[in-house]
Amino acid sequence: MGHFTRYGIFNVKRATITSVLQTFWSCKHKADYSSRAESFLTGSNVNYLEAQYLDWAKTKGSIDSSWDNFYDSLSGPALQIEDIQDEFKPKSKQDTSKDKEAITEKIKLHLAVQNLIRSYQARGHLLAKTDPLGLSLAASYIMKSKNATLETKGLECRIVSREIGRILCEKHMDMVFKLPDRTCIGGTETELSLREIIHRLENVYCRSIGTEYLHLFDIDCINFIRERMETPGALDKSVEEKRLIMRRLTKAVFLEKYFATKWPAEKRFGLEGGESMVVMLEEIVDTSTKLGVESIVMAMQHRGRLNMLVNVCRKQLTDIFAQFKPMEPKEAGSGDIKYHLGTYIHRFIRRTNKYIKVSMSANPSHLEVVSPVVVGKTRAEQYWKGDNNGDKVMAIIMHGDAAFSGQGVVYETMHLGNLPAFTTHGSIHIVCNNQIGYTTDPRFARSSPYCSDVAKCVDAPVFHVNADDAEAVAHVARVAIEYRCKFKKDVVLDLVCYRRFGHSEEDEPMFTQPFMYKKIKSMQTVDKIYGEKLKSEGIVTDADVKGWEKEYMDTLNRHFELAKKVTKLSIMDWIDTPWTGFFEARDPKKVEETGISETSINTISRHFCKAPEPWAFEVHKGVNRILANREKMVNEGVADWAMGEALAFGSLLRDKIHIRFTGEDVERGTMAHRHHVYHHQGVDGATYRVLDVLYPDQANYALHNSSLSEFGILGYEVGYSYSSPQLLTIWEAQYGDFADTAQPVFDTFICNGESKWVCQSGIVVQLPHGVDGAGPEHSSGRVERYLQACDDDEDNIPDLDDKEMALKQLRSANWIVCNVTTPANYFHLIRRQIALPFRKPVILMTPKVGLKHPFYRSKFSEFLPGTCFQRAIPETGPASKKPECVKKLLFCSGKVAITIDELRKEKKLEDQIAMCRIEQLFPFPYDIVLQEFCKYECAKVYFCQEEHKNQGPWLFAKVRLENLFGKKIECISRPPSAASATGIKWMHAKELKELKEKIIKI
Ligand SMILES: Cc1ncc(C[n+]2csc(CCOP(=O)(O)OP(=O)(O)O)c2C)c(N)n1
């Protein structure tokens, strides 16, 4: 057959599109026509085109209009095949075979050039010289994993361009090719020689910057980055900019040198080898002010933190230097080491004449735990500023390379980026990639060429940059901030640097990385490298550089002298989120009323049991049943757990307290007891949010189901809770034990954040808890863990005659641990969080069976003014009437109270067994407990729990009770166990039977 055009003119009027396309397809095999047409009409494309044609024929406008011409021509009177032929196809029908070959060759070359350009865009980063040490190349990683020998010169190039050496070779280098639309390397030129194309692509993609962006879903994002990277001259800097970069480098390098000279043996995790991070941050801060950002919330790891505090956050040098000497602290608390402390400042940016607030969050040693915290904080600040799109407030999170690739919480943080209730509208992540984690090489620490690969699963671009090329560093910083502000999406900057010294200043890196450190010893500092460059360009003189160095050294010396005069350490000076005016405006000795008026109870409870109008909103029948039950309870003046909660939330919202409540499935409630959001049964996605429409001018109720992440979400909510005292933040675990996967947040923020950094949080953590036959992992909220972290001294019983004892206990506690058994007590506890003149985290064991159990009910009278949170609930039944007859006094906490109560009723032992429920386990209610102990003089005293003996509150309560009573007490519990509960029904029943027998044994 030969040539494509031999099929001549097709009349396709009555033919189906398939037959036309299939004819093309068969031609493809017979004919020798362009490979472009070939790829256009592949078998699968034929199917696609047919389907699309049918759509188009049915409804014009149903597909993109760019297809109109094509299909018009197919369905027109006659189709000229030539019309849809490749643009490279000659029109003449008398082509010779020589012509054809030439044309084919030309097409092949053009396509190869197009592919080549795309190859560089997609994979150029693999060849980028981002490692200042020149020891590693991303391409080598891939070569190694393919078992190829790296020494095979030029082989790495094939990873990037598969065309060079195969289709394109030296003889084509001076041929001129038309540039496709999808590149900006030409600038105003539309065609370039192959040599020039490669040269420009190498410059853009394979020098100091490795850009990963073609994986992005949004073509606008791709085009934006392409344009910022490829446009000729994009990386050029003005003289002013260059001089500014030089000055910034001088400061960064000289500060580290100063530390090293003055305190050579002091741990500070110096930035040496990565000092251009200061240039990166400064460029971001400057540019962000131009783009409307008013506040940057930052977090970072240890590496170079002091330098960032000084040169970016503008913390007073005096304060930093003073931290190097031992000083008595002004405030109580443990404080923290200098490279964990936070700060905030309102900075004036000269380049833009604008102010910006920059804060650095205090963070613990556990790497990356601060990441979710800081995004939560950012979101909260956006909320308070009414910044719904993240125009004004932005997060910057800095990471180490080993931690960024190793810690799962990085993903748990980044995956929140696009969730409506959690997004911060794009964060900037900066990896201080010194290519080592303590003593471990990346090749033993991750399974991917880059430490930043987690970014790919959240659709974020990554810019790898050689830290020794300061201008490239400034350039990617600017592109990143512009990208974030335009698209409101995460972006990652991977600053590839090295660590000039050991992990800390005490370490000898030659022990473990001799080869790398031999190379490092030969490296010049980045200010020297850049200084030489600028001198050779005639932009600075030696005198300029020396002048800047001297100027900065003078400043350092001046502050060094001032620091000598500082005699006391004030942790307050390092606070990162001040609550201006809150403490001053409150009476420190007063807890506000937690009870609410009858009218409020009425309004909230009636609203909570009312469905929306049926004509407007169709709720599920089951919800209607629940509401009917609620209404019945309201008519009886009784509240269950859900109602107690609604009364607490509703009244706080009325009082303008913003509530944020998240966790897995919290909107309905895991056990389907809450139902704060109804779903329209006939309209997809339509919801009715019950407590959002309670009072016309109420505060915002941010109730949101969260992703299935405990570590990430709890960290986030802790960050949110730091933002303001006029806020109730609650995180609820699906089952209490799931909080285990968020353990670092408890250990490093919630339980000791105030002690380390004087930053208070009123977060409430709700942990469904109870041994009720649900198996090992759905039973226990592991209250023993939280009790073990309480910071009181069990040998030190407070002054029980002091009327302010309870408040003083609370004030000095690191957190509050409760297991409450009545809806009214839950209500008062929640409201007390706001009524206190300070903020404390609450760890609350919440009920499961109790949610619907009649024992867990309260009368409305228990919510009225004058009522308050009961730290312990003494016996009020028959036993209390004749205390001298009581044989057994059981102290307990939580759901076991139901078992005790039911049993003694059943066995008619109500007058012989007294029960005191300890609702607030920490701080321990010594006063109430002692009163009960004294009241039942003849009774034998036990602590009773349903948990296994080595778990639950027993061990915590035991020492306190024994110290208080001055005698030993016994425990009634399940036997010790490794698991928190059995998963075998038979075993559960047996254990329960034995527990019950012990309870009623007189
Ligand atoms: C969760 C956690 N695991 C381990 C450590 C101990 N540790 C502190 S720094 C460090 C190395 C971190 O390497 P990288 O993230 O690359 O940061 P670099 O110190 O190199 O700047 C390790 C293992 C820690 N602080 N936190």
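This is a predicted model: local features need pLDDT of at least 70, side-chain atom pairs count only at pLDDT 80 or more; totals for chains, interfaces and linings use all residues.
Residues are numbered from 1 along each chain as its sequence is written, and side-chain values use heavy atoms, with hydrogens and water left out. Local features need pLDDT of at least 70 and side-chain atom pairs count only at pLDDT 80 or more, whereas totals for chains, interfaces and linings use all residues.

The structure holds 67 salt bridges. A salt bridge is a side-chain nitrogen of Lys or Arg within 4 Å of a carboxyl oxygen of Asp or Glu. One of them pairs Asp-286 with Arg-248; the closest N and O atoms are 2.8 Å apart. Asp-286 lies in helix α11 (residues 277–290) and Arg-248 in helix α10 (residues 239–262), so this bridge ties together parts 38 residues apart in sequence. Helices (H or I, at least four residues) and strands (E, at least two) are DSSP runs, numbered from the N terminus. Asp-286 is buried at 3% relative accessibility. Arg-248 is buried as well, at 11%. Buried means under 20% relative accessible area, exposed over 50%, and partly exposed in between (1.4 Å probe, protein chains only).

Helix α11 also supplies Glu-283. The side chain of Glu-283 forms a salt bridge with that of Arg-478, at 2.9 Å from N to O. Arg-478 sits in helix α17 (residues 470–487), so the pair connects parts 195 residues apart in sequence. Arg-478 counts as buried at 18% relative accessibility. Glu-283 is buried too, at 4%.

A further bridge joins Glu-732 and Arg-674, with 2.7 Å from N to O. It links distant parts of the chain, 58 residues apart. Glu-732 belongs to strand β20 (residues 727–732). Arg-674 lies in the loop between β16 (658–663) and β17 (677–679). Glu-732 is buried, with a relative accessible area of 7%. For Arg-674, also buried, the value is 0%. Elsewhere, salt bridges that share partners join Glu-241, Arg-248, Glu-282, Glu-283, Asp-286, Arg-314, Arg-347, Arg-351 and Arg-478 into one network.

The ligand is surrounded by 15 residues, of which His-302, Arg-303, Asp-401, Ala-402 and Ala-403 are the closest. By class, the shell has 5 nonpolar, 8 polar and 2 charged residues. Ala, Val, Leu, Ile, Met, Phe, Trp, Tyr, Cys and Pro count as nonpolar, Asp, Glu, Lys and Arg as charged, and the others, Gly among them, as polar.

A backbone N or O atom of Ser-365 lies 2.9 Å from a ligand nitrogen. A polar side-chain atom of Asn-434 lies 2.9 Å from a ligand oxygen. For His-503, a polar side-chain atom lies 3.5 Å from an oxygen atom of the ligand. On its own, the ligand has 580 Å² of accessible area (Shrake-Rupley method, 1.4 Å probe). The protein covers 75% of that area.

Helix α30 (residues 823–835) has 13 residues. From its first C-alpha to its last it reaches 18 Å, close to the 18 Å expected at 1.5 Å a residue. The expected span is 1.5 Å times one less than the number of residues. In α30, 13 of 13 residues are buried.

Val-374 is placed in helix α14 (residues 370–385). Val-374 is buried, with a relative accessible area of 0%. Val-374 and Tyr-722 are 348 residues apart in sequence, yet 9.8 Å apart in space, C-alpha to C-alpha.

Terms used
A residue is near a molecule or strand if one of its heavy atoms lies within 4 Å of it. A polar contact is a pair of N or O atoms within 3.5 Å; within protein, one must be able to donate a hydrogen and the other to accept it, and residues adjacent in sequence count only if both atoms are side-chain atoms.
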